[in-house]
Amino acid sequence: MHGPTLVKAAPEVGPIPGAPTRPQAIPMPTESLEYAPTTGVKALRQAVADMYNLTYRKGKESQYTYENVCIVPGGRSGLSRVGAVIGDVYTSYQIPDYTAYDQMLSAFRRLVPVPTALDPKNKYRLDIERTKRDIQTQGLAVILASNPRNPTGQVIKGNDLKELVALGREGTTIILDEFYSWYIYPENEKDYGKSISSAEFIEDVNQDAIIIVDGLTKNWRLPGWRVCWVLGPKNLITALSQSGSFLDGGANHPLQLAAIPLLEPEHVKQEKIALQRHFKKKRDHVLKRLHDMNLDVAVPPTSTFYIWLDLEKLPAPLNNGLTFFEELLKEQTIVIPGIFFDINPSHRRNLFNSPCHHFVRLSFGPPMEDLDKGLDAIGRLLKKAKKEGMKAFGHSYKKSIDESTLSSLDVNAPQV
(Lines give C-alpha, C1' and ligand atoms only; values in the text may rest on other atoms or scores of the structure.)
Protein backbone atom coordinates (compact mmCIF):
# COMPACT_ATOMS: atom_id res chain seq x y z
CA MET A 1 0.00 0.00 0.00
CA HIS A 2 1.26 3.46 -0.83
CA GLY A 3 -0.54 5.71 1.64
CA PRO A 4 -0.02 8.25 4.39
CA THR A 5 -0.34 5.90 7.39
CA LEU A 6 -0.84 2.21 7.84
CA VAL A 7 -4.05 2.40 9.80
CA LYS A 8 -5.72 4.18 6.87
CA ALA A 9 -5.84 1.16 4.57
CA ALA A 10 -6.58 2.40 1.08
CA PRO A 11 -7.85 0.88 -2.17
CA GLU A 12 -5.55 0.70 -5.17
CA VAL A 13 -5.78 4.02 -6.99
CA GLY A 14 -4.59 3.05 -10.51
CA PRO A 15 -6.63 1.90 -13.51
CA ILE A 16 -8.76 -1.24 -13.08
CA PRO A 17 -10.56 -3.20 -15.83
CA GLY A 18 -13.79 -1.60 -17.06
CA ALA A 19 -13.49 1.55 -14.94
CA PRO A 20 -13.53 5.11 -16.33
CA THR A 21 -10.16 6.76 -16.99
CA ARG A 22 -8.43 7.97 -13.84
CA PRO A 23 -8.37 11.79 -13.36
CA GLN A 24 -5.15 13.17 -14.86
CA ALA A 25 -5.50 16.96 -14.48
CA ILE A 26 -7.40 19.37 -12.24
CA PRO A 27 -8.74 22.63 -13.76
CA MET A 28 -8.24 25.66 -11.52
CA PRO A 29 -10.49 28.57 -12.47
CA THR A 30 -9.59 31.80 -10.67
CA GLU A 31 -12.56 31.59 -8.27
CA SER A 32 -11.32 28.17 -7.10
CA LEU A 33 -8.22 29.83 -5.65
CA GLU A 34 -10.44 31.43 -2.99
CA TYR A 35 -11.52 29.65 0.18
CA ALA A 36 -14.48 27.34 -0.41
CA PRO A 37 -17.51 27.72 1.93
CA THR A 38 -17.13 25.57 5.07
CA THR A 39 -20.16 23.55 3.96
CA GLY A 40 -18.61 23.07 0.52
CA VAL A 41 -19.22 24.16 -3.06
CA LYS A 42 -22.98 24.38 -3.70
CA ALA A 43 -22.82 22.59 -7.07
CA LEU A 44 -21.00 19.60 -5.52
CA ARG A 45 -23.42 19.51 -2.58
CA GLN A 46 -26.30 19.35 -5.08
CA ALA A 47 -24.53 16.66 -7.12
CA VAL A 48 -24.20 14.52 -3.96
CA ALA A 49 -27.89 15.05 -3.13
CA ASP A 50 -28.90 14.15 -6.70
CA MET A 51 -26.80 10.97 -6.62
CA TYR A 52 -28.47 9.74 -3.39
CA ASN A 53 -31.94 10.64 -4.67
CA LEU A 54 -31.36 8.77 -7.93
CA THR A 55 -29.74 5.72 -6.31
CA TYR A 56 -31.81 5.27 -3.15
CA ARG A 57 -34.84 7.61 -3.14
CA LYS A 58 -36.65 7.16 -6.46
CA GLY A 59 -40.38 7.76 -6.03
CA LYS A 60 -40.07 9.00 -2.44
CA GLU A 61 -41.77 12.28 -1.58
CA SER A 62 -38.91 13.54 0.59
CA GLN A 63 -35.76 14.29 -1.45
CA TYR A 64 -32.29 15.52 -0.51
CA THR A 65 -31.15 18.98 -1.65
CA TYR A 66 -27.79 20.73 -1.33
CA GLU A 67 -28.98 21.93 2.10
CA ASN A 68 -28.71 18.32 3.35
CA VAL A 69 -25.04 17.99 2.33
CA CYS A 70 -21.84 19.26 3.93
CA ILE A 71 -18.54 18.69 2.09
CA VAL A 72 -15.65 17.87 4.44
CA PRO A 73 -11.90 17.18 4.04
CA GLY A 74 -12.03 13.48 4.87
CA GLY A 75 -14.15 11.06 6.89
CA ARG A 76 -12.39 11.77 10.17
CA SER A 77 -13.07 15.47 9.65
CA GLY A 78 -16.75 14.68 9.07
CA LEU A 79 -16.94 12.61 12.25
CA SER A 80 -15.15 15.35 14.19
CA ARG A 81 -17.58 17.99 12.99
CA VAL A 82 -20.51 15.79 14.01
CA GLY A 83 -18.91 15.03 17.38
CA ALA A 84 -18.45 18.75 18.05
CA VAL A 85 -22.15 19.58 17.65
CA ILE A 86 -23.75 16.71 19.59
CA GLY A 87 -24.59 17.39 23.25
CA ASP A 88 -24.05 15.33 26.43
CA VAL A 89 -25.24 11.85 25.42
CA TYR A 90 -24.63 8.15 25.85
CA THR A 91 -23.17 6.92 22.57
CA SER A 92 -23.31 3.27 21.53
CA TYR A 93 -20.46 1.77 19.52
CA GLN A 94 -19.62 -1.81 18.59
CA ILE A 95 -16.56 -4.00 18.97
CA PRO A 96 -14.80 -4.55 16.64
CA ASP A 97 -15.14 -1.38 14.57
CA TYR A 98 -13.12 1.36 12.85
CA THR A 99 -10.16 2.73 14.82
CA ALA A 100 -11.00 6.42 14.20
CA TYR A 101 -14.06 6.13 16.47
CA ASP A 102 -11.67 5.63 19.37
CA GLN A 103 -10.12 9.06 18.77
CA MET A 104 -13.50 10.70 18.16
CA LEU A 105 -15.01 9.32 21.38
CA SER A 106 -11.86 10.23 23.33
CA ALA A 107 -11.68 13.81 22.01
CA PHE A 108 -15.36 14.74 22.39
CA ARG A 109 -16.04 13.89 26.01
CA ARG A 110 -19.68 14.91 25.87
CA LEU A 111 -20.20 11.69 23.91
CA VAL A 112 -20.15 9.12 26.71
CA PRO A 113 -19.15 5.82 25.06
CA VAL A 114 -21.12 2.61 25.69
CA PRO A 115 -19.57 -0.53 24.09
CA THR A 116 -21.39 -3.55 22.64
CA ALA A 117 -19.36 -6.64 21.69
CA LEU A 118 -20.55 -8.25 18.45
CA ASP A 119 -20.64 -12.05 18.33
CA PRO A 120 -18.68 -13.95 15.64
CA LYS A 121 -21.15 -16.86 16.03
CA ASN A 122 -23.78 -14.45 14.69
CA LYS A 123 -21.47 -13.16 11.90
CA TYR A 124 -20.94 -9.93 13.86
CA ARG A 125 -24.56 -8.95 13.27
CA LEU A 126 -25.95 -5.94 15.11
CA ASP A 127 -28.83 -7.25 17.23
CA ILE A 128 -31.56 -4.67 16.62
CA GLU A 129 -33.85 -5.98 19.39
CA ARG A 130 -30.99 -5.76 21.89
CA THR A 131 -30.18 -2.27 20.62
CA LYS A 132 -33.79 -1.21 21.24
CA ARG A 133 -33.59 -2.58 24.80
CA ASP A 134 -30.30 -0.77 25.40
CA ILE A 135 -31.86 2.50 24.21
CA GLN A 136 -34.61 2.07 26.80
CA THR A 137 -32.53 0.76 29.69
CA GLN A 138 -29.27 2.68 29.18
CA GLY A 139 -30.66 5.86 27.67
CA LEU A 140 -28.59 5.57 24.48
CA ALA A 141 -29.09 8.72 22.41
CA VAL A 142 -26.54 8.09 19.62
CA ILE A 143 -25.52 4.94 17.74
CA LEU A 144 -22.22 5.09 15.83
CA ALA A 145 -21.28 2.34 13.36
CA SER A 146 -19.54 1.61 10.09
CA ASN A 147 -21.78 0.00 7.47
CA PRO A 148 -20.43 -1.94 5.61
CA ARG A 149 -18.25 -2.84 8.57
CA ASN A 150 -14.53 -2.30 8.97
CA PRO A 151 -12.81 -4.67 9.91
CA THR A 152 -15.17 -7.67 9.68
CA GLY A 153 -16.40 -7.10 6.11
CA GLN A 154 -20.04 -7.64 7.08
CA VAL A 155 -22.99 -5.38 6.25
CA ILE A 156 -26.27 -4.34 7.86
CA LYS A 157 -28.86 -4.53 5.07
CA GLY A 158 -32.48 -5.25 4.25
CA ASN A 159 -34.89 -5.34 7.17
CA ASP A 160 -32.11 -4.95 9.77
CA LEU A 161 -31.03 -1.68 8.15
CA LYS A 162 -34.65 -0.57 7.80
CA GLU A 163 -35.25 -1.17 11.53
CA LEU A 164 -32.02 0.60 12.48
CA VAL A 165 -33.05 3.65 10.43
CA ALA A 166 -36.49 3.57 12.07
CA LEU A 167 -34.79 4.23 15.42
CA GLY A 168 -33.83 7.64 13.98
CA ARG A 169 -37.53 8.54 13.96
CA GLU A 170 -37.89 7.59 17.62
CA GLY A 171 -35.39 9.96 19.23
CA THR A 172 -32.08 8.16 18.66
CA THR A 173 -29.45 9.71 16.36
CA ILE A 174 -27.84 7.15 14.03
CA ILE A 175 -24.37 8.01 12.64
CA LEU A 176 -23.43 5.63 9.83
CA ASP A 177 -20.00 5.59 8.22
CA GLU A 178 -20.87 4.28 4.74
CA PHE A 179 -17.46 4.61 3.08
CA TYR A 180 -17.57 1.01 1.75
CA SER A 181 -21.13 1.28 0.38
CA TRP A 182 -20.06 0.17 -3.13
CA TYR A 183 -17.85 -2.72 -1.97
CA ILE A 184 -20.70 -5.23 -2.09
CA TYR A 185 -19.91 -8.61 -3.68
CA PRO A 186 -22.96 -10.10 -5.40
CA GLU A 187 -23.46 -13.77 -6.12
CA ASN A 188 -25.78 -13.07 -9.08
CA GLU A 189 -24.80 -11.23 -12.26
CA LYS A 190 -27.94 -9.06 -12.12
CA ASP A 191 -26.88 -7.60 -8.76
CA TYR A 192 -23.67 -5.96 -9.98
CA GLY A 193 -23.91 -2.19 -9.61
CA LYS A 194 -26.15 -2.32 -6.51
CA SER A 195 -24.92 -0.60 -3.37
CA ILE A 196 -26.04 -0.13 0.23
CA SER A 197 -27.14 3.00 2.09
CA SER A 198 -29.42 3.87 4.97
CA ALA A 199 -30.72 6.67 2.68
CA GLU A 200 -33.00 4.05 1.10
CA PHE A 201 -35.06 3.69 4.28
CA ILE A 202 -35.26 7.31 5.48
CA GLU A 203 -38.82 8.69 5.37
CA ASP A 204 -38.19 12.42 5.86
CA VAL A 205 -34.66 13.63 5.12
CA ASN A 206 -35.10 16.60 7.48
CA GLN A 207 -36.84 14.81 10.34
CA ASP A 208 -35.21 11.35 10.57
CA ALA A 209 -32.07 11.68 12.71
CA ILE A 210 -29.81 9.74 10.32
CA ILE A 211 -26.32 11.06 9.61
CA ILE A 212 -24.40 9.50 6.69
CA VAL A 213 -20.65 9.99 6.21
CA ASP A 214 -19.10 8.98 2.85
CA GLY A 215 -16.92 10.39 0.09
CA LEU A 216 -14.50 9.87 -2.78
CA THR A 217 -11.89 8.13 -0.61
CA LYS A 218 -12.95 4.49 -0.99
CA ASN A 219 -15.73 4.17 -3.60
CA TRP A 220 -14.04 6.40 -6.19
CA ARG A 221 -10.59 5.20 -5.03
CA LEU A 222 -9.33 8.77 -4.54
CA PRO A 223 -8.04 8.87 -0.95
CA GLY A 224 -5.57 11.66 -1.69
CA TRP A 225 -8.31 14.09 -2.73
CA ARG A 226 -9.76 14.45 0.80
CA VAL A 227 -13.22 15.23 -0.60
CA CYS A 228 -15.97 13.64 1.48
CA TRP A 229 -19.43 14.53 2.74
CA VAL A 230 -21.87 14.38 5.60
CA LEU A 231 -25.52 13.89 4.65
CA GLY A 232 -28.31 14.66 7.12
CA PRO A 233 -31.15 16.97 8.17
CA LYS A 234 -30.78 20.66 7.21
CA ASN A 235 -30.40 21.86 10.80
CA LEU A 236 -27.44 19.49 11.28
CA ILE A 237 -25.72 20.84 8.15
CA THR A 238 -26.06 24.41 9.46
CA ALA A 239 -24.39 23.34 12.72
CA LEU A 240 -21.62 21.52 10.82
CA SER A 241 -20.80 24.72 8.96
CA GLN A 242 -20.07 26.40 12.28
CA SER A 243 -18.01 23.52 13.71
CA GLY A 244 -16.06 23.27 10.44
CA SER A 245 -14.97 26.89 10.62
CA PHE A 246 -12.88 26.17 13.72
CA LEU A 247 -12.05 22.48 13.22
CA ASP A 248 -10.76 22.17 9.65
CA GLY A 249 -11.69 25.23 7.56
CA GLY A 250 -13.23 23.22 4.73
CA ALA A 251 -12.26 20.96 1.85
CA ASN A 252 -9.97 21.72 -1.09
CA HIS A 253 -11.77 24.10 -3.50
CA PRO A 254 -10.35 23.00 -6.92
CA LEU A 255 -10.81 19.31 -6.08
CA GLN A 256 -14.42 19.90 -5.07
CA LEU A 257 -15.08 21.37 -8.52
CA ALA A 258 -13.21 18.48 -10.16
CA ALA A 259 -15.36 16.00 -8.21
CA ILE A 260 -18.67 17.18 -9.70
CA PRO A 261 -18.42 15.25 -13.04
CA LEU A 262 -17.34 12.11 -11.13
CA LEU A 263 -20.83 12.00 -9.57
CA GLU A 264 -22.67 11.91 -12.92
CA PRO A 265 -24.93 8.81 -13.10
CA GLU A 266 -23.18 7.03 -15.97
CA HIS A 267 -19.73 7.61 -14.45
CA VAL A 268 -20.93 6.31 -11.07
CA LYS A 269 -22.51 3.21 -12.64
CA GLN A 270 -19.34 2.35 -14.56
CA GLU A 271 -17.07 2.90 -11.52
CA LYS A 272 -19.30 0.84 -9.25
CA ILE A 273 -19.56 -2.24 -11.48
CA ALA A 274 -15.82 -2.23 -12.32
CA LEU A 275 -14.93 -1.91 -8.63
CA GLN A 276 -17.23 -4.76 -7.57
CA ARG A 277 -15.92 -7.15 -10.22
CA HIS A 278 -12.26 -6.33 -9.58
CA PHE A 279 -12.35 -6.39 -5.78
CA LYS A 280 -14.48 -9.55 -5.67
CA LYS A 281 -11.81 -11.26 -7.79
CA LYS A 282 -9.12 -10.09 -5.34
CA ARG A 283 -11.18 -11.20 -2.33
CA ASP A 284 -11.67 -14.69 -3.75
CA HIS A 285 -7.96 -14.93 -4.63
CA VAL A 286 -6.85 -13.99 -1.10
CA LEU A 287 -9.38 -16.33 0.55
CA LYS A 288 -8.20 -19.23 -1.64
CA ARG A 289 -4.55 -18.59 -0.84
CA LEU A 290 -5.33 -18.38 2.88
CA HIS A 291 -7.29 -21.66 2.60
CA ASP A 292 -4.26 -23.30 0.96
CA MET A 293 -2.22 -22.23 4.02
CA ASN A 294 -4.85 -23.73 6.37
CA LEU A 295 -5.91 -20.23 7.41
CA ASP A 296 -9.61 -20.50 6.63
CA VAL A 297 -11.65 -17.39 7.40
CA ALA A 298 -14.57 -18.25 9.67
CA VAL A 299 -16.64 -15.20 8.66
CA PRO A 300 -15.61 -14.29 5.07
CA PRO A 301 -16.25 -10.69 4.00
CA THR A 302 -19.38 -9.98 1.96
CA SER A 303 -18.34 -6.31 1.64
CA THR A 304 -15.42 -3.86 2.22
CA PHE A 305 -11.88 -4.91 1.24
CA TYR A 306 -10.96 -6.40 4.62
CA ILE A 307 -10.57 -9.90 5.98
CA TRP A 308 -10.92 -10.41 9.74
CA LEU A 309 -8.54 -13.32 10.21
CA ASP A 310 -8.77 -15.45 13.36
CA LEU A 311 -5.32 -16.75 14.42
CA GLU A 312 -6.62 -18.77 17.37
CA LYS A 313 -5.76 -22.16 15.81
CA LEU A 314 -2.10 -21.21 15.37
CA PRO A 315 0.31 -22.23 18.15
CA ALA A 316 1.24 -19.56 20.73
CA PRO A 317 2.63 -16.92 20.46
CA LEU A 318 1.71 -16.65 16.73
CA ASN A 319 -1.97 -16.79 17.72
CA ASN A 320 -1.66 -13.26 19.11
CA GLY A 321 -2.32 -10.46 16.60
CA LEU A 322 0.52 -8.28 17.92
CA THR A 323 3.07 -11.10 17.64
CA PHE A 324 1.83 -12.03 14.17
CA PHE A 325 2.14 -8.35 13.15
CA GLU A 326 5.69 -8.06 14.51
CA GLU A 327 6.88 -11.28 12.88
CA LEU A 328 5.43 -10.25 9.51
CA LEU A 329 7.21 -6.90 9.81
CA LYS A 330 10.47 -8.87 9.71
CA GLU A 331 9.22 -10.18 6.35
CA GLN A 332 8.60 -6.57 5.20
CA THR A 333 4.83 -7.09 5.26
CA ILE A 334 2.11 -5.33 7.20
CA VAL A 335 -1.16 -6.49 8.72
CA ILE A 336 -3.08 -4.60 11.42
CA PRO A 337 -3.35 -6.22 14.87
CA GLY A 338 -6.95 -6.94 15.84
CA ILE A 339 -6.60 -5.19 19.19
CA PHE A 340 -6.67 -1.86 17.32
CA PHE A 341 -10.34 -2.48 16.56
CA ASP A 342 -11.32 -3.05 20.18
CA ILE A 343 -12.23 0.61 20.51
CA ASN A 344 -11.35 1.79 24.01
CA PRO A 345 -11.92 5.54 24.32
CA SER A 346 -9.64 7.22 26.88
CA HIS A 347 -8.46 3.71 27.93
CA ARG A 348 -11.49 3.26 30.17
CA ARG A 349 -11.50 -0.55 29.90
CA ASN A 350 -8.89 -3.19 30.65
CA LEU A 351 -8.31 -5.00 27.35
CA PHE A 352 -6.61 -8.04 28.90
CA ASN A 353 -9.52 -10.28 27.91
CA SER A 354 -10.31 -8.51 24.64
CA PRO A 355 -12.00 -10.73 22.01
CA CYS A 356 -9.78 -9.07 19.37
CA HIS A 357 -6.34 -10.23 20.62
CA HIS A 358 -6.16 -13.29 18.35
CA PHE A 359 -7.21 -11.48 15.17
CA VAL A 360 -5.48 -9.45 12.47
CA ARG A 361 -7.08 -7.40 9.74
CA LEU A 362 -5.88 -8.11 6.23
CA SER A 363 -6.60 -5.64 3.43
CA PHE A 364 -7.16 -6.67 -0.18
CA GLY A 365 -7.22 -3.00 -1.16
CA PRO A 366 -3.75 -3.01 -2.82
CA PRO A 367 -3.02 -4.31 -6.35
CA MET A 368 -2.94 -8.10 -6.85
CA GLU A 369 0.87 -8.31 -7.15
CA ASP A 370 1.27 -6.60 -3.75
CA LEU A 371 -1.29 -8.94 -2.21
CA ASP A 372 0.67 -11.94 -3.47
CA LYS A 373 3.91 -10.58 -1.96
CA GLY A 374 2.15 -10.20 1.39
CA LEU A 375 0.60 -13.67 1.19
CA ASP A 376 3.99 -15.14 0.25
CA ALA A 377 5.37 -13.55 3.44
CA ILE A 378 2.62 -15.16 5.53
CA GLY A 379 3.52 -18.49 3.91
CA ARG A 380 7.20 -18.01 4.82
CA LEU A 381 6.25 -17.19 8.41
CA LEU A 382 4.15 -20.35 8.75
CA LYS A 383 6.93 -22.49 7.22
CA LYS A 384 9.41 -21.00 9.67
CA ALA A 385 7.07 -21.86 12.54
CA LYS A 386 6.80 -25.46 11.33
CA LYS A 387 10.52 -25.82 10.77
CA GLU A 388 11.99 -24.00 13.78
CA GLY A 389 9.17 -24.27 16.31
CA MET A 390 7.75 -21.50 18.45
CA LYS A 391 10.94 -20.58 20.29
CA ALA A 392 11.92 -18.41 17.31
CA PHE A 393 8.98 -16.05 17.90
CA GLY A 394 7.91 -13.45 20.39
CA HIS A 395 11.31 -11.90 21.09
CA SER A 396 13.18 -8.65 20.43
CA TYR A 397 10.22 -6.29 20.28
CA LYS A 398 7.88 -4.58 22.67
CA LYS A 399 4.65 -6.32 23.55
CA SER A 400 2.34 -3.40 22.77
CA ILE A 401 2.08 -1.02 19.89
CA ASP A 402 0.25 2.25 19.34
CA GLU A 403 -0.94 4.09 16.26
CA SER A 404 2.04 6.45 16.21
CA THR A 405 4.33 3.40 15.93
CA LEU A 406 2.34 2.10 12.97
CA SER A 407 2.40 5.50 11.28
CA SER A 408 6.19 5.66 11.43
CA LEU A 409 6.71 2.35 9.60
CA ASP A 410 7.65 1.96 5.96
CA VAL A 411 4.39 2.62 4.13
CA ASN A 412 5.78 1.12 0.93
CA ALA A 413 6.02 -2.36 2.42
CA PRO A 414 3.54 -4.84 0.94
CA GLN A 415 0.34 -4.88 2.93
CA VAL A 416 -2.35 -7.47 3.27
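**View 1. Packing of helix α10 in a predicted model.** The buried residues of α10 (buried: under 20% relative accessible area, 1.4 Å probe, protein chains only) pack against α8 (265-292), α9 (321-329) and β10 (359-363), where helices (H or I, at least four residues) and strands (E, at least two) are DSSP runs numbered from the N terminus. Among the buried residues of α10 are L371, L375, I378 and L382. Just after α10, G389 takes a positive phi of about 80°. The model is predicted, with local features needing pLDDT of at least 70 and side-chain atom pairs pLDDT 80 or more, while totals for chains, interfaces and linings use all residues. Residues are numbered from 1 along each chain as its sequence is written, and side-chain values use heavy atoms, without hydrogens and water.

**View 2. Surroundings of L290.** Leaving aside neighbours within four places in sequence, L290 is in contact (heavy atoms within 4.5 Å) with residues including I307, L309, L362 and L375.

**View 3. Two cis peptide bonds.** A cis bond with omega of about 0° joins I95 and P96, and P96 sits in the loop between β2 (89-95) and α3 (100-107). Another cis bond, also with omega of about 0°, joins A316 and P317, the latter residue being in the loop between β8 (306-310) and α9.

**View 4. N294 in its loop.** N294, in the loop between α8 and β8, has a positive phi near 60° although it is not a glycine. Its relative accessibility is 68%, so N294 counts as exposed (over 50%).
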